[in-house]
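Subject: Structure for you to look at

Hello,

I am passing on the structure we discussed. Please open it before you read on.

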Amino acid sequence: MDWHRIRADFPILDQKVNGHPLVYLDNAASSQKPRTVIQTLSHYYERDNANVHRALHELSNRATEAFEAARKKAAHFIGAASEDEIIFTRGTTEGINLVANTWGTQNLRTGDVILITGMEHHSNIVPWQLLAQRTGATLKYIPVLDDGTLDSAAIETLLTEQVKLFAFVHVSNSLGTINPAKELIAKAKALGVVTMLDGAQSAGHMPIDVRDLGCDFFAFSGHKMCGPTGIGVLYGRMALLETMPPWHGGGEMILSVSMESSTYKAPPHRFEAGTPDISGVIALGAAIDYLQAIGLENIQRHDHNLANYAMQRMGEVPGIRILGPQSGHRGALVAFHLDFAHPHDLVEFANSHGVAMRGGHHCTQPLMKRFKVPGTTRASFYFYNTIEEINRLVEVLLLARMFFT
Amino acid sequence: MLSDDLRDLYQQVILDHSRNPRNHGELSPPCLHAHGDNPSCGDEIDVWVRVSDNGHIDDLKFTGQGCAISQASASMMTQKIKGKSKDEAAAVREDFRRVVMGDGSPADEDSLGELILLEGVQKFPQRVKCAMLAWRALEQALESK
């Protein structure tokens, strides 16, 4: 792969920030967009813009066709059995909330257990807390070990038939841990437990096959994988989707409406009330095309090489503590704490050198408490990042050390 | 090679206060107390104040964790405010707020003393809340009963 040529597909990367070439290492928060995705958005608004599924005119036909083609692409992208299992959402967070508010409200009762882990993003904690409060169910957490992996002994005792739903993160946004999803889902399935995978950091970084993983629900966001912001996907296994009540009511999700009651469409339209983010969906389709042309295996390998190299080089910085797995078997991010600078001061310093990173609790406050750090600084990579950029990062960390000590 | 703005933000005196905070610790009762935090970044501060019957701030201390700006601001605040009346404290707080917000009005250097060094924050709007964290907690503590 010619990764430098691929990098040239991203217009935004070619700029200086505070007088230095931009080194964008905040990909776990949001990725950049290739030219093809940006052009798809403008092309749609310049040529095809109309509402979908309603009118019979030419523009509406084009918009509807491109919109539904993107649903097929998304289904293929994650190995779903049918495009009818693809629900467009605003992102991972909305996907999780949809499951909590439909399947969750319908199926959970007092005494039931919702099982999650100690390394979840707030978006995979709070919807379940709200659901537990509504239904009287109990929320339990699988503890995280010092090396950033899940406590497998605790899984044996916590994953019981009392558990109705097991939801966990595929790749941790704060630790980089890649959870053994297939194995964990198999354990849950053997007990009849419904499973939900938070794919925010895995989709677009590695091949995803929901049928091989065996999960019932899988949620991901478009903007973390070269797509626009505000669009995401919830995959649900059709056998479950069919039984679920609607969440939002409105146009597009009904078969018929009378003054007394309504009947609803089949999935996925049952869960897509109102005019959707049409341009976002179509551009997400373009992002999927783009990623598949590079190849998810290639991206995964490159991610892995970057993470490995970053782990080696960053380990050279005196006073650094890297959270999560100490091996290179991790997602494309390294979260760390430096004994000489608070994350916000470090991020400010790095920014003045053109390096974009995130500092703080990364929406995982319980995890920060667990590791007794107020927050961390996170360098997160994508396939357009280079070894030279990691060298630059290390150089800036060493400069920061001189500056702050 | 380092921008002047960044050097202004992290002056040696500020870094020194953040590394060696003055008046760090808790006061034992009777005293007023308030906790302040910035939920978006996780910075936290606790401020303890002992106010005499005639409304003077006889002692104040703080504990907390956060960035150099929030910790230095807290440390410098305790030095500046100790011995002042509640009204005087409120006036200094307002002067300081105007300086870090950079609202264009001339800073009262006599009133602020060393705190004027945090003027550099005005070039970094996202850090205003760091500089103000301890001051918000102080205000809350003084209003508490």
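Below are my notes on chain B and then on some places in chain A.

Please keep in mind that this is a predicted model.

Chain B as a whole

Chain B contains six helices and three strands. In sequence order the pattern is α-α-β-β-β-α-α-α-α. The C-alpha trace spans about 50 × 30 × 25 Å along its principal axes. A compact globule of 145 residues would have a radius of gyration near 15 Å, and the 14 Å of chain B therefore agrees with that. Of the 145 residues in chain B, 39% are buried. Among contacts in chain B with a separation of 6 or more, 61% are between residues 24 or more positions apart.

The sheet of chain B

The three strands form an open sheet in the order E1-E2-E3 (chain B), with antiparallel pairing. Its edge strands are E1 (32–38) and E3 (57–65) of chain B, each of which pairs on one side only. On average, neighbouring strands of this sheet are turned by 15° against each other, direction ignored. Strand E2 (residues 43–51) of chain B runs antiparallel to E3(B), and eight bridges join the two.

A strand and a helix in chain A

Strand E4 (residues 86–89) of chain A has A:Ile86 and A:Phe88 pointing one way and A:Ile87 and A:Thr89 the other way; all are buried. E4(A) pairs with strand E10 (residues 232–236) of chain A over four bridges, in the antiparallel sense. Within this pair, A:Thr89 stands opposite A:Gly232 of E10(A).

In helix H5 (residues 126–135) of chain A, the residues A:Pro127, A:Trp128, A:Leu131 and A:Thr135 are buried. Viewed down the axis of H5(A), the buried residues fall within an arc of 95°, so they line one face of the helix. Their cover includes helix H4 (92–107), strand E5 (113–117), strand E6 (138–142) and strand E7 (163–169) of chain A. Just after H5(A) comes A:Gly136, with a positive phi of about 85°.

Backbone points to check

Most residues other than glycine have a negative phi, and most peptide bonds are trans. The following places depart from that.

- A:Pro267 and A:Pro268 are joined by a cis peptide bond, with omega about 5°. A:Pro268 is in the loop between strand E12 (262–264) and helix H10 (278–294) of chain A.
- B:Pro29 and B:Pro30 are also joined by a cis peptide bond, with omega about 5°. B:Pro30 is in the loop between helix H2 (12–19) and E1 of chain B.
- A:His362 is not a glycine, yet has a positive phi of about 55°. A:His362 is in the loop between strand E16 (358–360) and helix H13 (365–370) of chain A. Counting 26 other C-beta atoms within 10 Å, A:His362 is buried.
- A:Lys372 has a phi near 55°, again positive in a residue other than glycine. A:Lys372 is in the loop between H13 and strand E17 (376–380) of chain A. With 7 other C-beta atoms within 10 Å, A:Lys372 is exposed.

Regards

Technical notes
Residues numbered from 1 in each chain as written. Chains lettered and ligands numbered in written order. Predicted model: local features only at pLDDT ≥ 70, side-chain atom pairs only at ≥ 80, totals over all residues. Buried ≥ 20, exposed ≤ 12 C-beta atoms within 10 Å, placed from the backbone. Pairing = 2+ DSSP bridges. Axes fitted to C-alpha atoms, helices over the stretch in contact; angles between N-to-C directions. Arc of directions from axis to C-beta. Contact = placed C-beta atoms within 7 Å. Rg over C-alpha atoms; globule rule 2.2 N^0.38 Å.
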